[in-house]
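This briefing is meant to be read beside the sequence and the coordinates, and it moves topic by topic through a set of features that can be checked on screen. Please keep the display open while reading.

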Amino acid sequence: MSKKIAIIGTGYVGLTSGVCLASLGHKVICVDKDKDKIDKLKKGEIPIYEPGLAELLQKYSANLTFTDDLPDAVKQSEVIFLAVGTPSQDDGSVDLSFFQQAVAEIAQNMDGYRILVDKSTVPPGTANWVKKEVKKYYQGEFAVVSNPEFLREGSAIEDFLKPDRVVIGVDDEKAKDVMLDIYSAIDAPKFATTAQSAELIKYAANSFLAMKISFINEIANICEKTGSDVVEVAKGIGLDSRIGSQFLQAGVGFGGSCFSKDVAGLIHTALSNNYQPRILGAVMTVNEAQQEIFVDKIKAVLARNQGKVVGVWGLAFKPNTDDTRYSPAIAVIKKLLKEGYQVKAYDPVAQDNAKTELGEAIDYCKSAQEAAIDVDVLALLTDWPEFLEVDWAELKKIMRSPSIIDGRNFLPTGDLAKNGFHYQSIGHKFF
Ligand code: UDX
């Protein structure tokens, strides 16, 4: 049955959730304090790079409203999703100020039964805090649900509409039924549990995926010592259904605004509950070391060919997004600049975002080829499919030295070998 839903916050999670819920037939009001953003959204302009989102918004615009008027949205809605940003703080704790502010504003405008749904990634115990906070302003009946989101940037719509599961953390049957109704058109298991467990499921899921990546990166580093091939090793262990083949792509490390933040958040949650986590710390240490190891590979090539100019393919933290937050590419480039090397880079969509972090310290190129002209080594840092379409023979002619270091074990080694390139990777092939 169609529900009246408000979504507070129109970032990746909020906007994707809003548009997808509208595509399921619900009446959705998307709320954001940023008036410019709302004005753009009213014109169908999407403030983030996410494949298919603009089209889906267009298609279901009859079910969508965009406003910066939170009180009115609360009055018109039965269910209110909180999808505001919860950024990381230096000590790994989560900055809940936007979240807390939104909860207070919602509570001050409730004039009847409402369900508040935590969609933002928040530490365990937050749903209980929301309950107490609402009661300061509203004495009527309401419920609080934890409903973490597992979508990935670049495949957000697919991940929202075809998830592996929908997690519903609630201890109220009435609210649980409403949530099951909201997601009834989604063909996936609905995992109902307590709010505290749902909140930890989000952290644990992201930390496990990050751990899997750091594990295969550790294995890749061992492969380089034993002459094994991590791509083969990943295949071999991935065939064990208890391990699974996904998220075993070794490389220069994970990035993005979620993994680092959530591992740090979980470490902080553990420490503030007097438990000393061990594995989680190593997940981050291995990840940071992976960028150091990659820079050392570049420096070794440049020492051999007395070069100074590094060409970089990819700035985004992964393909299909313009997001450079915690991008390994940015981290590697900053280290190279610190060492006095010259960098020229190309990314199909993330250059503007990269400029906010790197400024004019590097040359931004219009094509993959331009980023290879007269370089002493070429480093692949984001596995964009277009880098597979390159004419390798032509490329070799424009580079000062035909040396490529593949930070994603992504490039066609057969073609590169045939064309006489020097190739290095992460625990994979070397020639
Ligand atoms: C992640 C989670 O996947 C998602 O469920 C959650 O909701 C938000 O955080 P996202 O950050 O968009 O999603 O990216 P993801 O596709 O998970 O990739 C994260 C990083 O890991 C990227 O830098 C990617 O390049 C890297 N990665 C991924 C690897 O290095 N190896 C892999 O095998 C997979």
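Which residues does isoleucine 426 touch, not counting residues up to four places away in sequence? In this predicted model, isoleucine 426 touches Ala220, Glu224, Val230, Ala250, Gly251, Val252, Gln290, Phe294, Lys297, Asp406, Gly407 and Asn409. The points below begin with the surroundings of that residue and then turn to the sheet, the helix pairs and the loops.

**Isoleucine 426**

- Isoleucine 426 is found in the segment after β14, and because its relative accessibility is 1%, under the 20% cut-off, it counts as buried.
- Among the residues that isoleucine 426 touches are Glu224, Gln290 and Lys297, and these three also take part in the contact between helices α9 and α12, Glu224 from α9 and Gln290 and Lys297 from α12.
- Threonine 324 lies 102 residues from isoleucine 426 along the chain, and the C-alpha atoms of the two are separated by 21 Å.

**The open sheet**

- An open sheet is formed by 6 strands in the order β11-β10-β9-β12-β13-β14, and their pairing is parallel.
- At the edges of this sheet are β11 (363-364) and β14 (422-424), each of which pairs on one side only.
- Strands of a sheet pair through backbone hydrogen bonds, in either a parallel or an antiparallel manner.
- Strand β9 (residues 309-313) and strand β12 (residues 377-380) run parallel and are joined by 4 bridges; within this pair, valine 310 stands opposite valine 377 of β12, and valine 312 stands opposite alanine 379 of β12.
- On the way to strand β13 (residues 403-406), β12 again has a parallel partner, here joined to it by 3 bridges, and the bridge partner of alanine 379 in β13 is isoleucine 405.
- In a regular strand the side chains alternate between the two faces of the sheet.
- In β12, Val377 and Ala379 point one way while Leu378 and Leu380 point the other way, and all of these residues are buried.

**Helices α9 and α12**

- Two packed helices are described by the angle between their axes and by the distance between the axes.
- Helix α9 (residues 195-226) packs with helix α12 (residues 279-304) at an angle of about 45 degrees, and the axes are 9 Å apart.
- The contact brings Ser207, Ala210, Met211, Ser214, Asn217, Glu218, Asn221 and Glu224 of α9 together with Ile279, Leu280, Val283, Val286, Asn287, Gln290, Ile293 and Lys297 of α12.
- By class, the residues of the contact of α9 with α12 are 7 nonpolar, 6 polar and 3 charged.

**Helix α13 and its neighbours**

- Helix α13 (residues 328-338) has as its buried residues Pro328, Ala329, Ile330, Val332, Ile333 and Leu336, and these pack against α12, β9, β10 (342-346) and α14 (351-358).
- With α14, helix α13 packs at an angle of about 40 degrees, and the two axes are 11 Å apart, which makes α13 oblique to α14.
- The crossing of α13 and α14 is right-handed, and the contact is made by Ile330, Ile333 and Lys334 of α13 with Ala354, Glu357 and Leu358 of α14.
- The residues of the contact of α13 with α14 divide into 4 nonpolar, no polar and 2 charged.

- Most residues other than glycine have a negative phi.
- Glutamine 306, a residue other than glycine, has a positive phi near 50 degrees; its place is in the loop between α12 and β9, and because its relative accessibility is 69%, glutamine 306 counts as exposed.
- Aspartate 374 is not a glycine either, yet has a positive phi of about 60 degrees; this residue lies in the loop between β11 and β12, and because its relative accessibility is 43%, aspartate 374 counts as partly exposed.

Conventions. Residues numbered from 1 in each chain as written. Predicted model: local features only at pLDDT ≥ 70, side-chain atom pairs only at ≥ 80, totals over all residues. Heavy atoms only, no water. Pairing = 2+ DSSP bridges. Helix = DSSP H or I, 4+ residues; strand = E, 2+ residues; numbered from the N terminus. Axes fitted to C-alpha atoms, helices over the stretch in contact; angles between N-to-C directions. Contact = heavy atoms within 4.5 Å. Nonpolar A, V, L, I, M, F, W, Y, C, P; charged D, E, K, R; others polar. Buried < 20%, exposed > 50% of the residue type's maximum accessible area, 1.4 Å probe, protein only. Parallel < 35°, antiparallel > 145°, perpendicular 65-115°, else oblique. Left-handed = near helix turned anticlockwise from the far one by under 90°.
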